[in-house]
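Please look over the sequence and the structure shown here, and then read the notes below, which are grouped by topic.

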Protein chains: 2
Amino acid sequence: MCNEIKQIELIKKKLISNNKSIIISVNEDNSGDLGYAPYFHDHNYYYIYASELSTHIKLLLKKKLGTFMIINDEFVSQNIWARIRLKFDAKITIIRRNNEDFHNICEKIRSRHGQTMNLIKQFSDFHLIKIIPSRGTFVAGFGNAFKLEGQSLSVISKIKP
Amino acid sequence: MCNEIKQIELIKKKLISNNKSIIISVNEDNSGDLGYAPYFHDHNYYYIYASELSTHIKLLLKKKLGTFMIINDEFVSQNIWARIRLKFDAKITIIRRNNEDFHNICEKIRSRHGQTMNLIKQFSDFHLIKIIPSRGTFVAGFGNAFKLEGQSLSVISKIKP
């Protein structure tokens, strides 16, 4: 693996660990919806806990496919035209309340994102959703985009302009 | 107009003026794409200057419709589960380089978003896009969502859970 790819992997890792929430886009026919949710990242998967009362979550649960983006805050972006971001396509599955992983992952989300989880954990319109990436792109700066492949979203190559 | 609606209009106005960039989601059949761009807001319209080499912009130019979101940074959000955000559906038109408004609006974008505009203004793959909202939602906090109508995205009513 060349040095540039190694460096981009490090920047990507930092983006995923420094940020807390993920943008969610789901398509259906010619409509669709957009939202966000706090995430917990573990072993190449992203976990969110979100309510089906939100249109984008309802659609995500139905389609089982979406496009996701983790993007640095404007505040930390030196140039507003070049916010560092990770975008990927993914399928999802629901981790049901009777699954042995449910409480363990909810506890990790609570530990990362605070006490709100204690309140919403009991709400039956909320679901624990596992996001399983397939491919994506990583933008590390202006004109500096990379192709990502597989569940680990490994940096494959620089995208030529 | 009741006091609550007035207050939400103020929070919405502050969100639009404090933030610099807008999340863009475009749908096509069962696929779609997601991205962002710096915006300039004027008289209920949002203007972006973006390259058709980005898949989401290419799709937006083709479909002439998209879903957009302005969302507060994680950094300024007291609770990560309740980031203040404005989401809306909109159609778009292109303001061509020979249109008398082109240079005027580009100058306003440069003034708001800095010198990068001087560089990209000359690139022919970039287009000045006018975003014309139709309807949306505004989330002012946890369980505190409002319905918005019309080009001005006026706050109409609280959305009942």
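In this model, 28 residues of chain B are in contact (C-beta atoms, placed from the backbone, within 7 Å) with 28 residues of chain A. The model is a predicted one, in which local features need pLDDT of at least 70 and side-chain atom pairs count only at pLDDT 80 or more, while totals for chains, interfaces and linings use all residues. Residues are numbered from 1 along each chain as its sequence is written, and chains are lettered from A and ligands numbered from 1 in the order in which they are written.

**The side of chain B that touches chain A**
- Strand 1, strand 2 and strand 4 of chain B are the elements that give two or more residues to this side, strands being DSSP runs of E with at least two residues, numbered from the N terminus.
- Strand 2 of chain B gives the most, with 6 residues.

**Strand pairing in chain B**
- Strand 1 (residues 21-28) pairs with strand 2 (residues 31-42) in the antiparallel sense over 8 bridges, where pairing requires that DSSP finds at least two bridges between two strands.
- Within that pairing, B:Ile24 stands opposite B:Gly35 of strand 2.
- Strand 1 also runs antiparallel to strand 4 (residues 65-71), to which 3 bridges join it, and B:Ile23 stands opposite B:Met69 in strand 4.

**After helix 3 of chain B**
- B:Gly114, which takes a positive phi of about 90 degrees, lies just after helix 3, helices being DSSP runs of H or I with at least four residues.

Notes: Two residues are in contact if their C-beta atoms, placed from the backbone, lie within 7 Å.
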